[in-house]
Each structure stands twice: as structure tokens, then as C-alpha cells.
Amino acid sequence: MIAADRVKPDRAAQVQACLATVMDPELDESVTELGFVSDVDLLPDGEVHVGFRLPTYWCAVNFAFLMADDMRQAVQRLPWVTRVQVHLHDHMYADTINDGVAKGAGFQAAFGGDAEGGLEGLRQTFLVKAFQRRQQALLQHLLDAGHTAAELVALDIGGLQDLAVDGDGRRLVERYLERRGVVVGASSGAAFVDATGALLAAEALPVYLRDLRRVSINTDFNGALCRGLLEVRDRELVAQAIHIVRRPLDRIGVT
Amino acid sequence: MYKTASGEEIFIIDDHVHNWDASKANQKNVHGEQFINCFYAYHTFLSPPEKLWTREKFERYGGDQMHRDLFVDGYDDMAIFQPTYLTDFYVNGFNTTEQNAAVAANYPNRFIVNGAFDPRDEAAGLDAFEELAATYKLKGVKLYTGEWRGESRGYKLSDPWAEKYLALAEKLGVKNIHVHKGPTILPLDRDAFDVADIDIAATNFQGLNFIVEHCGLPRLDDFCWIATQETNVYGGLAVALPFIKKNPKYFSHVISQLLMWLGPDKLLYGSDYGIWTPDWLIEAFMAFELPADIAAETGVILDLEAKKKILGLNAARLYGIDIVAQKKLLANEKSRRST
């Protein structure tokens, strides 16, 4: 075997870390955690190829496009990266999506007349759903831990951050605060607000939480289905782990 | 027929069954192959391991196997035969009204044969639908709004031509409109599982019943809002129900929300055969009890009365089936066959 692999080993880790920040907009989970990223190919000249696949050939095109474009942008931020190519595999619109993302074209440009507008509205809709879902999980956790509704609705952000919670609770607080900015611009004030930015009332909290539950039901449905379908697909295809290709330099003629 | 421990007989009408041909010979293109692959993945993911079929069997099982799975090994008493044409993907269609009616004819009193229409057939399709309704005495249709047709990737029930078809259905007494709400492709930049068109159609056609298969999942929140406002919107439990085994807690949340928003009179059991089979689904549903914390959150009850409605009484009401008379017909049929 030729020891001509000049790709720095930490570059693969850097690319993976970037990809881990890309979320499936609908599921509110990272594309790497969901197992969507199938291969990463690091070329010596700083070009990066990222391959990904979704659970089925039919997965929603708009979400596929968003994820592909987010991956390209995330990896492109690394200082040593010269070019990023994202390849969606095994999808009915793979070619259109791959071409559109490669050109840096917007969704509408890639799909022409079939797409009626940009994807920003859709992205915002799902960010709000992610906010609601994270809030519901956190509030439920805190209520189960013995905090009262009156106490929780009175918390400001600092108070929430200072709250004594267990490890799971800490993670839920962080995840929630990451998305709080989706509905309110100010990074101070009441910790818990609804999707319109309005304050919550203690006596209405049980009904409010029950309504938020439906948002979780949807994302849980998709999450379970996606994971299940991907698992089945993987069983019939190849390995699950991200395959990092480190290209020996002599094979591609780079010195 | 399902018998409870105390001997009570529960009459079961399965609102969603298919007999497809997805064999290689019938696949028209890669879409046909991918479509059945996707179904098979659903089957593999949610079925108990001992209920898994081979891929060959799954691609084409046929009417006799179907009859055995539904009515002999399964607990169904009757089933609503839903067509799914998909003629852009399959040479002879995935399953058509004509093919389904031929199978149904072999098993008298077991099936209700539903038809279909596609608003994109415009004026010519109206006549064809009228003829189909007369030939098969249709009481219902199954619409697949996400079906591909040439360049089109789907349609909405609020489209002008869709309204003409719905008006004709109402006039012909084809009152039960089953709508598959799953992944549609257009419009590409909207939420691909949008159920909003049901709202418009249900308001405009008060004489029709809209049974939303899969309860709008994964858009349960949108669906619940619509179904609560419209008295003629129902939820079909196909796809939601199979979670009962793999993820009972999840199923608990779904069914409790549906019971709270729609109530037990508006939900219909469907196996989605041949993706899943009624034997294990019914056993799991009959044994199922809502966890106390979830029941407390929504304040709903899923008792035997509610289960009976979901499993058969609601479908019987929508399709005008007299259960006592139907039981007699089936008993006569059984004795005729055994002699």
C-alpha cells in the first residue's frame, strides 16, 4: 500500500463536524445522526465530495434540496476547502438536485416552473415546529421533575439556565434555547413563550402542552418512519458508517 | 369475526385493502420498482418478524392468498377493496377496479368494491366514471392525489376539475371519498403532505364523506383541525395502527389525539393489506389499553364500545351495511361452501 495519503487526518473529522450541524428541517435532527450521509471523499486539492441518501426514492424533494444545499454551505466554511460537491443518491430527482446545488442555484432555479417560490417559508415553518417540539420536551421534563407551572412560566432566560437540572435536562435546555430565537428576537426576557412570542399562562399550560404534543407526534412519526425505512434500505445496500475515502495521491496524479 | 374472552362477537370491516401486481413483468419503469420497494420497506419495518413476507410474495400474492389472510387467518368479516391505478408505473396498473371486482366475485358478500377517478382526465373521464359507478354499483372511491400522470405530479381536491368529479359523485350517490394523504410531489416548494384541500372539498360537498387514509400523518395537527371543523371528515387508521406493536407508546399518543379531536364515531380501522395483515393488527388492537397518563392528558376513553365502532360500526354506517343481515349471508355462504 502506498503511504502517499497526504490528506490530513483531522480534515475528515472537520468535515463530519460540519455535516453534523446540518439538520433535517422536518425531523429536527442532524443528517449524520439520522444516517443520511453515506460517503465523504477528500481530495488532496481541498475539494470535498459528500454523498447522502434518504430513506426512499420519494422523500420530499424540497427537504432534500434544503439539506443538500445546507451541507454544501456548511462544508464550504472550512478554510482549506476549495470546492464542495454534494451528491444525493437513489432519489427520483437526484440529478436535478445535484446540478442545482452544484451551481449554487436556488430551488426555484433548479426546478423551474414546478416550484412556485423559494424554500425560505418552508424552512421557517419547520424551524417553528422544531422550537415547539423542543419546548414541549423541556417543559414536560421540568414538570415531571417537580417544577410547577407557575414557577416555569415566570422564569427568564437566566433563570432557566441557572435551574438545577439533571444531564438530560441540561441537554433539553440547550436544545430549546438554540431554537428560541426562531420566535423572539430578544435574547433576554421570559424563557418560555409561544410560537407568536407571547407569554404563557400557568393555568393554561396543560392544554398548551397537549396541543404541542401533536407537533411531536408528527415529527416522531416521520423520524421513526425515516429511520425504519433507512434501516431496511441499508440492510439491502451497504455499510451504515460514513465511508471516508482518502485518495492516494498517485492514483489521481496530484503531486 | 373476533370473539372477546367473554364470547362477544365483534364484526370487523377493513376499510383499506389492496390486491396489487408489482411483479417485475408488470413494472413499467424504475418508478414501479421503487414504489414497491418503498411499500416493502414499510412492511419490513413495522411487521412482527414472524409475519414477514418474502419480496416475491409481496410483489404479487393474488386473490386466494388475500382471501385467506383477511378472512380465514385474519379477523376481517368484510373489506373495502380500494384500487390504485398507477398506470404510469405499472403496465396493467397496480390494481384497478376491474381487477378487484374479478377477485371480489369469487368471494360473495366479503368485499365492497370501490372505484376511482382522476380529475386530470377532464371531460372524457366524467363519462367513464359514470359508467364505472353504474357497472360496479359504486358506493365509494379511492383517490390518490399524488399519482403521477405524464408530466403531472399530482392534483388537489380543490382543483376545478376535481370539483366537477366530486359533484358527479354526489349526484350518483358515490358518497364515500377515500383520499390517500401521503407524499405528493407538487407543489414542490410547499409542505408535501398538505391536507388543506380536504378542508375546501369537505365544506363544498356536505353530502359526501371524506375518509382521510393515514389520518393525514405526518400532518396530524393540520388534519385534526380540519376534521374537527368538518362534520363529514373521517380518519382511516391505516399506517397509524401498525405502530401499535413496534412503538405502542407512540400509537397511544396518536389514537388519543384522534379520539379527542374526532371522537370514536369518526375513525375507521384499515389494515392496508398487503402491507400488513389483519391477524396481528386486530389482536394487538383488541388487547390494547391506553396508558393512564396519556388518557389523563387527553381525557379520552378507548373501551370496547369505541373499539367496536372503529373496527366495523362506523364503516357499516357509511356504507349502509346491515350487520345482522350480513352475518346471516356470510353464515349461509360458509355452509354452502362446506357442503
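Tutor: A:Leu42 has A:Val48 in E4(A) as its bridge partner. The model is predicted, so local features are given only at pLDDT of at least 70 and side-chain atom pairs only at pLDDT 80 or more, while totals for chains, interfaces and linings use all residues. Residues are numbered from 1 along each chain as its sequence is written, and chains are lettered from A and ligands numbered from 1 in the order in which they are written.

Strand E3 (residues 37-42) and strand E4 (residues 47-53) of chain A are joined by five bridges in the antiparallel sense; strands pair if DSSP finds at least two bridges between them. Strands (E, at least two residues) and helices (H or I, at least four) are DSSP runs numbered from the N terminus. Four residues separate E3(A) from E4(A) in this hairpin, and A:Gly46 in the turn has a positive phi of about 95°.

Also in chain A, helix H5 (residues 120-144) packs with helix H8 (residues 167-180) at about 150°, the axes being 9 Å apart. Axes are lines fitted to C-alpha atoms, for helices over the stretch in contact, and angles run from 0 to 180 degrees between N-to-C directions. H5(A) is therefore roughly antiparallel to H8(A), a term for angles over 145 degrees. Residues that meet include A:Leu127, A:Phe131 and A:Leu138 in H5(A), and A:Leu172, A:Val173 and A:Tyr176 in H8(A); contact requires C-beta atoms, placed from the backbone, within 7 Å. The residues of this contact comprise nine nonpolar, three polar and five charged. Here Ala, Val, Leu, Ile, Met, Phe, Trp, Tyr, Cys and Pro count as nonpolar, Asp, Glu, Lys and Arg as charged, and the others, Gly among them, as polar.

In chain B, three strands form an open sheet with parallel pairing, in the order E3-E4-E5. Its edge strands are E3 (13-17) and E5 (111-113) of chain B, each pairing on one side only. Neighbouring strands of this sheet are turned by 20° against each other on average, direction ignored. Helix H4 (residues 97-105) of chain B packs on the sheet and touches E4 and E5 of chain B, its direction making about 155° with that of E5(B). E3(B) runs parallel to strand E4 (residues 78-81) of chain B, with three bridges between them, and B:Ile13 stands opposite B:Met78 in E4(B).

Terms used:
Two residues are in contact if their C-beta atoms, placed from the backbone, lie within 7 Å. Angles under 35 degrees count as roughly parallel, over 145 as roughly antiparallel, 65 to 115 as roughly perpendicular and the rest as oblique.
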